[in-house]
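Please read the following points alongside the coordinates.

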Amino acid sequence: MAHITITTGTQSLTSSSHSVKTSAQSLSQSVAEYSASRLKDSDTNLSSSSSFTLIRSAGDPYELYHTNPDVMAQAKALAERLDGPIHDSNQDHFFYQGRMSDLMRAGVLTDPEFLDMASGLSDQGLEDLADTLQAMVLPASSSITHHAEANRTLTEKVTQFMDVLKHSSVAQQEQILSQGASYAAQVDQEHLSTFSAVVYGQDIGRFNALQRFSDDSSANNLQNFVSAVIASDTPAALTEQLGELSADAQQGLLNVYGLDTELGERLSNLMASEQGAIPESLIKALGDMVAAIKISPFAEESFGFAYTGEDALAQENEQSSGRDFALDSVTSMITLLESHDLPEEQLTTLGSELNRLSNPEKRAYIDITTSGIDTLLAQGKNLEEALETVSALRTQPDVLELVNRTRYHDVTLVERPDIEEGLTVVALEGAAVFQNANSAFGQSRLLLGATPDKVQMEKGHSVKGHESENLYSAKDLETYKSDVSHLVNTLVSFESMSQDSTASEKTSLTQFVRELNQMHSGIRDDLMENVSNEIRSESFRNKVTTNTQFAFLSNALQEMKFDLLQRNSEFN
C-alpha cells in the first residue's frame, strides 16, 4: 500500500491506495479540494483583513456572477453546453477556462441579454457563436482595418454584432451564426494562436510574426461579414444572399463591404433587384481590385516615390493603388450599373474581360467605360452607340496602356548648382510643360529614390526622351481623375467622330494612341485638357456638321500640339 503526504503550512493531505493509479487519482482530487478551500479562504481573508483590491478587466464577470446567483446559474448552463461538466473546484471560476474564456475576452459574459440570447440557441448555434467570436480576435488585413476599424475596437464591434443578433429571430440568429462560423473555419489557427499569444499573453518575442498575416489575413471574409451584417438593414437577407453565391463571389461582395459598407449595400441591393442579374464574374473582379489595395507608409502628399523602368507602369504601388483609387473605381462601376439598364450580355462581357486584366488594367478599363459612356451620352449618342464605341476602345491593349500611363508623371532630373555639392539633383514631375526653371522647381514634389544614376544626363539635365523611358512618379487621385477624364473624353470623341466621318483618308485610333503614348506626360496631359475643353465648347459644336467634326478635331489637335511643343523647346 502506497502512502503519499503533502504538507503545506499547518495542513497535511494524505492519500493511500492499493495502486499507483488509484493514488494518482486520489491525490489529484485531494489537491483540487485543497486548492478550492485555500482559494475560498484567501478571498475571505483578503476581504476581511487586507486593503488589497483586485482590479478585474471590463469583461470579467466575476463580480456580476457572485452578486447575481441566477445570472451565474445561466452562465454555468452555457459553460456546460460548451465545455462539459464543471469541476467542483472550478465552480466560482469556470469562465476563465475553455470556450467560456473566448466569450469573456469578447466582452459578452457581463451582458445578461447576451446570456438570454445564447441560452435560446441550439447546441450547434452556440458552437457557431463561440467559433465566430474566437476567430474574430484575428484582425483583417491592414488594408481593411486601416479604414474600417479605425474608430472601433474589437469589443465594440462584437457588441454591435450581438445587437444585430438580439434583434433577430432565433431562426435568423442560427442562419447568421452558421454563415459566420463557415468564415471562422477559414481562419488560420496558427496565426490566431500567435496573435492571441502576443496580445493576451504579451509574448513580445513573437511580435514580428504578426506582419506575416497583417498584409494578407485569413480573417478577411469573417471580419468583412460581421461588418456587413452590422451595416445591413436586412442582415438575414444578406446572409441568405451570400449563401447562394460561389466562394469567389462571396469574397468579392465581402471585399466591397470591407472597402466601404455603403458601397457593399449598394452592390448587394443591385444583385437583389429585378434589373440586377449581376454576374458573379463582375462581383469577383470588383472584389479583386479591393484586395489589391496597398497602404502607403507615407501620408504626406508633399513626398513621392520615383519608380524606375517601363515595368513600373504595370505594377502596383502604394501611391497609385491606395484605398482612394480602389474606392473610385468600384464606386464608378456601381454607379454605372445603377444608372443604366445594361444588357445582360454587356454585363457578362464586363465581368469576363475585367477578370482577364491586371489590376492597373482593370482601373483603366473601368475609367474608359464609365467616363466614355457619360461623355458620349452628353454628346447625344444613345446607350447602344456609346457602348459600341467604348467597347472598341477598352479592348485595345494600346489604349489600356495609354490610360494606365496617365496615372504617372514622367520625371526629369535637373541639377541645381545653387544647392551645395552632394544635393544638386531635383526631380521635376511633368517638367516639359513648365514655362521656366523656377516654376518647375516650385510645382514639383520631392521624390524619394530619384537619383542621377537612374537616367542619362547631359549638361545638368536628363537627356530629352530618356526620362520618359526610365523614371516615373504616381499622381494623386485628384490629378489622375482630371487627366484621365480629359484623355478618355478625347479618345471616345475621336473614335465616335471618326466613325461618323466619310473622309477617305483619316488617322486611325491606333495611330493616334501610339502618338500620344510617345509624348512626355506633361505635354500629353496639357494637350488632352485643351482638346477636351474645345470639344465641349459651344463654338466647336456650332461650326461643324457630323461629317466634318473629325476634320475640325484633327486640326485642333495639331494646332495645340504645336503650341505646347514650342513652349517646351523654350524651357529646354
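1. The largest cavity has a volume of about 30 Å³, where a cavity is a set of points, on a 1 Å grid over the protein atoms alone, at which a 1.4 Å probe fits but cannot get out. Grid points are joined across faces, edges and corners, and the volume is the space filled by probe spheres set on the points. The structure holds one cavity of 30 Å³ or more.

2. The model is predicted, so that local features need pLDDT of at least 70 and side-chain atom pairs count only at pLDDT 80 or more, whereas totals for chains, interfaces and linings use all residues. Residues are numbered from 1 along each chain as its sequence is written, and side-chain values use heavy atoms, with hydrogens and water left out.

3. Which residues line the largest cavity? Its lining, meaning residues with an atom within 4 Å of a point, consists of R105, A106, L133, M136, V137, L154, V158 and Y200.

4. L154 belongs to helix α8, residues 154–166 (helices are DSSP runs of H or I with at least four residues, strands are runs of E with at least two, and both are numbered from the N terminus). L154 counts as partly exposed because its relative accessibility is 30%, the classes being buried under 20%, exposed over 50% and partly exposed in between, with a 1.4 Å probe and protein chains only.

5. N517 is found in helix α25, residues 509–517, and counts as buried because its relative accessibility is 15%. Leaving aside residues up to four places away in sequence, N517 touches D398, E401, L402, R405 and R524, a contact being heavy atoms within 4.5 Å.

6. D526 and L487 are 39 residues apart in sequence, with a C-alpha to C-alpha separation of 9.9 Å.

7. For the chain overall, there are 28 helices and ten strands, and buried residues make up 48% of the 572 residues. Among contacts between residues at least 6 apart in sequence, 70% join residues at least 24 apart. The protein chain exposes about 27500 Å², of which carbon and sulfur atoms supply 48%; accessible areas come from the Shrake-Rupley method with a 1.4 Å probe, and for residues only the protein chains shown count as cover.

Conventions:
1 Å grid on protein atoms, 1.4 Å probe; cavity = no way out; pocket = protein on both sides within 12 Å on 5 of 7 lines; lining within 4 Å.
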